[in-house]
Amino acid sequence: MSFAKEKNLIVYFSHAGENYSGGKTIYLSVGNTKRVAEILKEQTGCQTWELETVTPYPAGYQALSELAQKEQRNASRPRLSAYPQSLEGYEGIFLGYPIWWGTVPMAVLTFLEKYNWQHLRLYPFCTHEGSGLGRSLKDITAACRQAEIMSGLAVRGAEAMSAQAEVRSWLSKVLA
């Protein structure tokens with residue numbers, strides 16, 4: 001499979017507002033995962049689709065963290081406000097997300113469980129503050145067993161704005 005920008009789509013979930021970074025809580029007007037998705041778009045020319053929930057997540061870090069943990073415990077699937085009409089015609093999906101409590105936010109699983117992933121490659125990328133990819137690849141694989149899951153990219157959130165070289169290096173490996 002060769003890389004073609006019109007045959008690949010960048011789908012991501014990101015959170016602006018208070019985020020944990022470098023041992024403290026900081027305010028982000030643009031979420032870290034969105035910043036990495038923008039770098040990916042710049043380097044590939046692919047279109048993007050931002051996943052948004054019907055009920056927005058809290059802007060405050062503590063409230064967000066508590067809700068994310070509760071959603072995991074309950075295996076919640078938050079409703080998304082919109083979906084790509086179809087994934088037909090695409091060969092690959094770049095899937096971006098922050099790591100929440102060691103894995104993908106439950107809203108990402110809502111997206112993954114909606115589609116048939118047969119004949120698609122998934123290129124996972126995440127932002128984190130020390131956990132790397134966590135168990136996200138295992139959870140993504142369980143949600144879309146027919147997909148070919150490629151090596152993931154984990155970008156420390158505090159370094160998201162300057163991750164151009166890291167993204168370029170990852171692309172050269174997974175698209176080779």
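In helix 5 (residues 164-174), V167, W170, L171 and V174 are buried, where buried means under 20% relative accessible area and exposed over 50%, with a 1.4 Å probe and protein chains only. Seen down the helix axis, these buried residues fall within an arc of 100°, so they line one face of helix 5; the arc is that of the directions from the axis to the C-beta atoms. A165 and K173, on the other side of helix 5, are exposed. The cover over the buried residues includes helix 1, strand 5 (92-98), strand 6 and strand 8 (153-156), with contact meaning heavy atoms within 4.5 Å. Helices (H or I, at least four residues) and strands (E, at least two) are DSSP runs numbered from the N terminus.

This is a predicted model, in which local features need pLDDT of at least 70 and side-chain atom pairs count only at pLDDT 80 or more, while totals for chains, interfaces and linings use all residues. Residues are numbered from 1 along each chain as its sequence is written, and side-chain values use heavy atoms, without hydrogens and water.

Helix 1 (32-44) and strand 6 (121-128) also take part in the largest pocket: each supplies at least two residues of its lining, as do strand 2 (17-21) and helix 2 (61-73). Helix 2 gives the largest share, 4 residues. The lining has 23 residues, and Y20, Y61, I99, W100 and E129 lie nearest the centre of this pocket. By class, 8 are nonpolar, 13 polar and 2 charged; Ala, Val, Leu, Ile, Met, Phe, Trp, Tyr, Cys and Pro count as nonpolar, Asp, Glu, Lys and Arg as charged, and the others, Gly among them, as polar.

Terms used. On a 1 Å grid over the protein atoms alone, a cavity is a set of points where a 1.4 Å probe fits but cannot get out, and a pocket is an open set with protein on both sides within 12 Å along at least five of seven lines; lining residues have an atom within 4 Å of a point.
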